[in-house]
Structures are given as structure tokens and as C-alpha cells.
Amino acid sequence: MMGSLCKVKVQRSTVMEGNTLHTASQEQESTASHTSYPRSQDSVLQLPLDVWFLLRMGEGQCDLTEACLEGMRAGEMCEFTISAWNAKNSKAAGSDANGTQTENTTEQGSSQQSDCFTLQLHSLTPGQEFWQMTPGEKWVWVLSHKQRGGQRFGKGDIWGATDCYCRAVKLAITLNGKTRRKPVDEMFKEGVDGEDDDDDAALTPCFDKENEQAECADVSIPTEEEYKTVKAELHCNLSLCQLKLGQHGKSRDSSIKATELNPKSTKAWYRLGQACLQLGELEESRMAFGKILELQPDSESARTALKQVNNRLKDLDSKLGQRLSKMFN
């Protein structure tokens with residue numbers, strides 16, 4: 001559950017060919033309790049070993065550990081194994097012509113080393129599922145994920161930043177249509193003053209006034225403009241992370257969503273241009289960089305990128321012309 005503080009301990013035992021070489025129970029017990037642990041590109045679990053650690057669910061410190069804790073109760077223990085994937089000696093699973101699933105194979109076979117971990121849950125505090133939260137509570141989590149994603153990106157933790165932005169986007173989607181509305185009195189005034197509004201609809205509120213006033217008083221709930229702005233920034237930041245991870249198709253999709261939410265965002269258009277350029281979609285890339293120059297004519301980076309795209313298009317046209325010439329000659 002999100003927000004739940006879990007006191008956990010992770011211990012490791014090495015497993016080779018089914019034989020345990022070193023068990024977690026042999027480790028010396030420690031009563032120390034840690035509340036923070038720096039993320040590292042060299043760490044899979046992102047947690048300290050052999051000590052009690054306070055983990056806050058939902059923050060994405062370690063998705064593997066959180067997945068195990070989701071189905072655990074206080075005092076229970078869970079064991080899981082992590083195996084290294086060898087791209088050189090492994091074959092990806094797939095299907096043959098008849099649709100039969102094929103299994104992964106590896107040249108190393110049973111000699112491949114795996115790490116077996118034991119997770120202990122000592123105690124935990126109450127938390128909430130996302131569907132139990134109020135819109136204001138969800139929005140606090142969205143902003144927290146966004147801030148944490150920026151911090152991780154600044155430290156070079158691209159995977160961690162991507163995870164934060166993905167969590168924020170998923171939670172923000174549940175707030176669609178639940179943003180803070182204008183007070184009834186203000187809506188009533190706008191309805192009366194509007195020339196094109198229906199008179200009966202303007203004079204008749206379509207919701208309970210007391211409930212609406214209570215909702216408008218909750219400043220923790222974003223307005224529709226704030227919601228769209230932050231959501232566009234999340235998609236834009238996610239697009240940059242995906243671009244750095246080589247996920248060019250996902251980067252393009254994220255940047256498209258950002259431009260739809262905020263058509264005036266030059267960053268979103270630039271991310272779209274970069275992603276399309278990497279995918280070889282040159283016309284779309286040229287359109288995106290051209291859009292930036294419409295919004296910001298003095299953008300030197302957009303001008304340089306657009307020149308690069310035009311040069312590639314000219315090269316393609318030249319090569320196509322040469323091929324056609326050879327065909328007809």
C-alpha cells in the first residue's frame with residue numbers, strides 16, 4: 001500500500017547448480033535501522049543487505065522488493081532469486097510458424113550463477129491503495145514522484161527517473177475529470193453574462209452548491225490548467241529519459257502526448273523532433289522543429305536541428321534519384 005512504512009531486512013545466499021553455498025541465516029544479526037540508502041547503477045535491489053531498513057511503499061526505491069511486500073504480512077518471510085541475463089549466450093523466447101511457444105536456451109546451462117535473497121517483513125504501518133485516496137492526496141503523490149524523478153535524473157539515475165515519471169503519469173491519469181472547479185457563484189456569473197449560453201442552464205446549477213464549495217476550498221486539488229501543465233511536463237521528462245535509454249518509439253509517443261496537452265511547449269516539440277529523427281521519420285521531425293521556430297523564432301538549437309534534418313532529406317532524395325536513374329538507364 002502506498003505510504004506504508006515497512007521495516008524490512010534483505011539477506012543474500014549464493015546458489016550454484018542448486019546447491020546453497022552460503023545461507024542468509026549465517027549472517028550476523030544487526031539491530032541497526034536505516035532510513036535512507038543511495039541509489040546506485042551497480043545495485044539491483046537498491047537496498048542495504050543484512051540490516052533492518054525502513055522502506056516507504058510507493059516511492060520506487062526498489063520495485064522488486066515492493067512487489068514482494070505487496071502480498072506479505074508482518075512477520076512473514078519471502079525468498080526470491082535473481083539471475084543474470086546473458087545477451088550473447090541466450091536466445092529470446094518466441095513462437096514458431098504454428099504458434100508454439102519456444103523456450104529460452106543458454107550455452108552456460110546450469111552453471112549460470114544466481115543470487116538468492118531472503119526478505120523479512122518485521123512490521124508495517126497502514127497505507128492506502130490509490131483508489132482509496134482523495135484527489136488531493138493523489139496530487140501530492142504526483143508532485144512527489146515528479147520531484148524525485150528530477151533528482152534522480154540529475155544524479156544520472158535514468159532508470160530511476162523513468163520509474164518515477166511513469167508512476168506519476170499513471171496516478172495522474174486517475175485524476176482526469178477530478179480537478180478543482182470554479183466556485184458556483186463565479187460559474188453562475190459567467191453563465192448570466194455569456195451571450196451564447198443557454199439561459200435556463202446558466203440559472204440552474206447542475207451540482208450541489210455546498211459540496212462544490214467544499215471542493216473548491218481544497219487547494220490541494222489542482223485546477224484543470226495546473227493538471228494539464230504538470231501532466232505535459234511529466235510526459236516531456238519521460239520522453240527525454242526514454243530517448244536516453246534508446247526507447248525511441250516510446251519517446252515519440254510520450255512527446256506526442258506532451259504536445260497535445262501543451263501545444264505551446266517548445267521542449268515537448270523538441271523531444272518529438274529528436275525521437276522522430278532517431279526513428280528515421282524525417283518529415284515528422286522537420287515538422288516538430290519547424291513548430292518550435294513558429295513559437296520561438298530565435299531558437300538556435302531548433303534551427304540547427306532543422307538544418308540537420310533537411311540535409312538528411314536532401315541526401316535521401318539524391319540517393320533515390322541515382323537509383324531511379326540507374327533503373328531507367
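**Before selecting.** This is a predicted model, in which local features need pLDDT of at least 70, side-chain atom pairs count only at pLDDT 80 or more, and totals for chains, interfaces and linings use all residues. Residues are numbered from 1 along each chain as its sequence is written, and side-chain values use heavy atoms, with hydrogens and water left out.

**Whole chain.** Select the protein chain and colour by secondary structure: there are 11 helices and six strands. Helices (H or I, at least four residues) and strands (E, at least two) are DSSP runs, numbered from the N terminus. Switch to a surface: the accessible area (Shrake-Rupley, 1.4 Å probe; for residues, only the protein chains shown count as cover) is about 20300 Å², with 49% of it on carbon and sulfur atoms. Of the 329 residues, 33% are buried (under 20% relative accessible area; exposed is over 50%, partly exposed in between; 1.4 Å probe, protein chains only).

**Largest pocket.** Select Tyr37, Pro38, Arg39, Gln61 and Arg152, which lie nearest the centre of the largest pocket among its 19 lining residues. Next, select β4 (52-56) and α2 (135-154), the elements that give two or more residues to this lining. β4 gives the most, four residues. A pocket here is an open set of points on a 1 Å grid over the protein atoms alone, where a 1.4 Å probe fits, with protein on both sides within 12 Å along at least five of seven lines; lining residues have an atom within 4 Å of a point. The volume is about 470 Å³, taken as the space filled by probe spheres set on points joined across faces, edges and corners.

**Gln46.** Move to the loop between β3 (33-34) and β4, where Gln46 sits. Is Gln46 buried or exposed? Gln46 is buried, because its relative accessibility is 6%. Leaving aside residues up to four places away in sequence, Gln46 touches Tyr37, Pro38, Arg39, Ser40, Gln61 and Cys62 (contact: heavy atoms within 4.5 Å).

**Thr125.** Finish in the loop between β6 (114-124) and α2, at Thr125. Thr125 is partly exposed, at 35% relative accessible area. A polar atom of the Thr125 side chain lies 2.8 Å from the backbone nitrogen of Leu5.

Conventions:
Polar contact = N/O pair within 3.5 Å; in protein donor to acceptor, adjacent residues only side chain to side chain.
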